Amino acid sequence: MAVSLGAAALVLVVLGLGLGDYPLGPLEVVRALGGDQGFASTVVLEWRLPRVLAALAFGAALGVSGALFQSLTRNPLGSPDVIGFATGSFTGVLVFTVLLGGSVLGATGGALVGGLATALVVYLLAYRDGVQGFRLIVVGIAITAMLGSFNTWLLLKVQTEVAMAASMWAAGSLGLVGWSQLWPAALMLALLVPCVLAVARPLRQLELGDDAAAAHGVRVEPARLVILVVGVALTAVVVATTGPIAFVALAAPQIAKRLAGGAGLPLGHTALLGGTLLLAADLVAQHLLPTDLPVGIVTIVLGGVYLLTLLVREARRTV
Amino acid sequence: MEPIVHDSPPTTLPAPPRPRAPGLQSPGARTAALVTALVVLVVCVVASLAIGSRAVPVGTVWAALTGGDVPAADHAAVVGLRLPRTVLGLAVGASLAVAGAVIQAVTRNPLADPGILGVTSGSAFLVAVAVGFLGVTSPTGYVWFAFAGALLATVAVYLVGSAGRGTPGPAQLTLAGVALGAVLSGLVSAIRLTDPERFAAIQAWESGSFQNRGWDVIVPVLPFVVVGLLLALALTGPLNALSLGDDLAHALGSSVGRTRVLAVVVVTLLAGGATAMAGPIVFVGLMVPHVARWVVGPDQRWIVALSMVLGPVLVLVADVAARVVARPGEIPVGVVTAFVGAPVLVALVRRRKVTGL
C-alpha cells in the first residue's frame, strides 16, 4: 500500500511539474529537473517545484497532526480545526489587519498568536481533572462558533477588497509559496519529525485507554499535553505559510486507516496520504477549475463528499 | 470496514433513564414558571419597542401602537421600524428554540442544534447561488431560496443518515450534518470568492441580522413558522415516548419512524423559516431547551412550551443589547447570541455529566 501510494504521489509530482501555461511532457520534466534546460528548468525548478514540494510536505504535516488529534480524542472528527486553530488564526489576521491596520500578507504573526491563543484557551476550558476528548471537541466547537461570528462581523466593517483578500487567506492557498517561504517551513517541519516519532509510542498506549496507558507506565496528562503541542505545532507551521487548509487533517488519517487496516491510526501512511491528497487537490484547484481558487476550498468539498460516501457505505454494510 | 461511529464514544448518549429528574415536579410550580417567563417576555417586547437610537417612553409606545396622537418621528420609529423587528425577534426566537428542543429530543443528543443538521448551511448555499448566479439582491427575493435550501439540506442529511436502514441513528444524523455542512460551506466560499459584489452581498446575509428586515420578509414566512410551532406542540407526546428508547416507544404503540419524519418536518419549517427571515443565528436552538429542561424537568410538553417563550426572550434581549452596545451603530444579533451562547455550551460540557434527555 505504501508502494502504490508512493507511485501515485510520483505521478502527481510529474503532473504538477509538467502542467501549466507552459506545458511539459514527463520526459521534459525529468530533464528539466537535471538543470541546464534553459527556460524549462527555470519553470520547473523555480516556479513549480516549490509549490509541489509544499503540497507534499504540508499535506503530510496536516495529516499527521490530524492523526494525533484523532487518537487523542478517540474521535474521527478530531482535528486541529475542531479546537479552533484555523478560526483563531483567522481572528488573529483580522485583528491585525482591521484593528491595527496591517496588510493581510504580513499577518503571519497575527495568525500564529491567534491560533495558539485559541488552542490554549480551548485546552484550558476543556481541562477538568484531565482533558477528555469529547469535552475538548465540544469546547472547540463553542469557541469556533463564537470566533467565527466575530470574524464575520469584523469582515463587515472593512472594505470589500480587504475582506476578500482576508477570506482568500482564510480558505488556504498554495499559490504564493516560493522557495523563500518553503525553506523556513520545511526546516521547522523537519525539526518536528523527531518529536512526532517520540510521541508515537505513548500515543499507541493512549489509544488503548487511559488505564491501560497508565499501566504501561505512561503519565497520561503530560503525554496528552505533549501530543497536543506537537499536533498544534505541525498545524501552526502550515497555517503560517498558507492559511488554514481544511479537511486534510480530518480525512487523511481515516482514509489511511482504511487502506492500511489495523487498529490504530498509521502515522507513516497518513503522512504519505496527506501529502498525496493535498497535491491532488492543488492540481484540481489550479487546472480543473475555471478560476484559480484556493486549494482549501477543494479540500473541504472533496473531504466532505468523502465523509458522506463513507457514511452511506458504512450504513449499508451494517444493515 | 468498521463503523466510524463506534469509536466516537459519547457524541450521543444512549439516553439512560435518569435516576433523579431535575426541575420542578408539580404542575402548579411548572405553570408558575411558564407564567413568569411570559411576564418576562412582555417586558422584553416593551423594551424592544422602546429602546434604540431614539428612546421612546413606554406611554408613547402604547399610544403609537393603538393609533393615538404621537410625534411623527416616534410613530415611525416604533411602528415603522421596531414593531416588525420585534415580531421578527418573537418568530425567530420561538422557531429556533423549539427546533432545538425537537432536534435534541429526537437525536437524543443534548448538544444538538439546528445548525448541526445542516439547515443553516443549506440555506446559506442556496442564498449564495441566488445572489451569485441569479442576480437576486433583495431579502424578499432570497427568502425562498433560504427556505428551500434548509428543506433540501435537512432531507439530504436525513437520507444520508438513514441510508440502508429504516430510521437514522443519532450519531449518523450528526455526522451527516457535519459532513454536508462542510461541503456546502466550501461551495459557498467558492461562489463568493470569485466576485467582490457577490462577496459583499453574501457576507451581509451571513452575519445574521434583524436590520433591514421588514414585513415583506416576515409575512410570507410567518405561516410556515406558525404551522411548525403547532406541529411541534402536537409532537410532544410521541417525543416523550421516544425518549424512553426506540424499543419501549414501539411497545407503547408509538410509531418511531413517523415521529422522526414529523420531527424533521418541524425542524425544517422552524429552523428554515427562522434562517430565511434573519440569516444564520447560532446557539439559540442549543441553549434555550437546556434552560427549559433545568426549569421544568424532562417532560417534552413543558420543555417545548417553555422554549417557545424563552427563545424570544433571549433573542429580544440579544437584539436590544446589539442596538445599545454599539450605539449609534449596531452589532448583528447573531454575533451577540454567539457570544452569549458559547460560554453556556462550555459550562454545559464542563459539568460532570451532560444533561441526559
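Colleague: How many residues does the contact take from chain B and from chain A?

Modeller: The contact takes 48 residues from chain B and 49 residues from chain A. Within chain B, the elements giving two or more residues to that side are α6 (170–192), α7 (196–206) and α13 (333–350). The most comes from α6(B), with 13 residues. By class, the side of chain B that touches chain A has 33 nonpolar, 11 polar and four charged residues. Please keep in mind that this is a predicted model.

Colleague: Why does A60(A) count as buried?

Modeller: The cut-off for buried is 20 or more other C-beta atoms within 10 Å. A60(A) has 27 C-beta neighbours inside 10 Å, so A60(A) counts as buried. This residue lies in helix α3 (residues 39–73) of chain A.

Colleague: And which residues does A60(A) touch, not counting those up to four places away in sequence?

Modeller: A60(A) touches A271(A), L272(A), G274(A) and G275(A). A60(A) and A271(A) are 211 residues apart in sequence, yet 3.9 Å apart in space, C-alpha to C-alpha.

Colleague: Let's turn to chain B. How do you know that the span of helix α12 (residues 300–325) of chain B agrees with what a helix should span?

Modeller: At 1.5 Å a residue, its 26 residues should span 38 Å, and the end C-alpha atoms are 36 Å apart, which agrees. There is also a kink of about 30° in α12(B), centred on S307(B).

Colleague: Why is α12(B) called largely enclosed by the rest of the structure?

Modeller: Because 22 of the 26 residues of α12(B) are buried.

Colleague: What makes α10(B) mostly covered?

Modeller: Of the 23 residues in α10(B), 17 are buried. This helix, residues 256–278 of chain B, reaches 32 Å from its first C-alpha to its last, close to the 33 Å expected at 1.5 Å a residue. G279(B) follows α10(B), with a positive phi near 85°.

Colleague: One more: how much of residues 52–70 of chain A is helix?

Modeller: The chain is 100% helix and 0% strand there, with end C-alpha atoms 27 Å apart. In an unreviewed entry, UniProt places the feature "transmembrane region" at several spans of chain A, including residues 52–70 and 186–203. Residues 186–203 of chain A are 100% helix too, and their end C-alpha atoms lie 24 Å apart.

Note on methods
Residues numbered from 1 in each chain as written. Chains lettered and ligands numbered in written order. Predicted model: local features only at pLDDT ≥ 70, side-chain atom pairs only at ≥ 80, totals over all residues. UniProt positions renumbered as here; feature names shortened; annotations may be inferred. Helix = DSSP H or I, 4+ residues; strand = E, 2+ residues; numbered from the N terminus. Contact = placed C-beta atoms within 7 Å. Nonpolar A, V, L, I, M, F, W, Y, C, P; charged D, E, K, R; others polar. Expected span 1.5 Å × (residues − 1). Bend = angle between axes of the 7 residues up to and from the residue. Buried ≥ 20, exposed ≤ 12 C-beta atoms within 10 Å, placed from the backbone.
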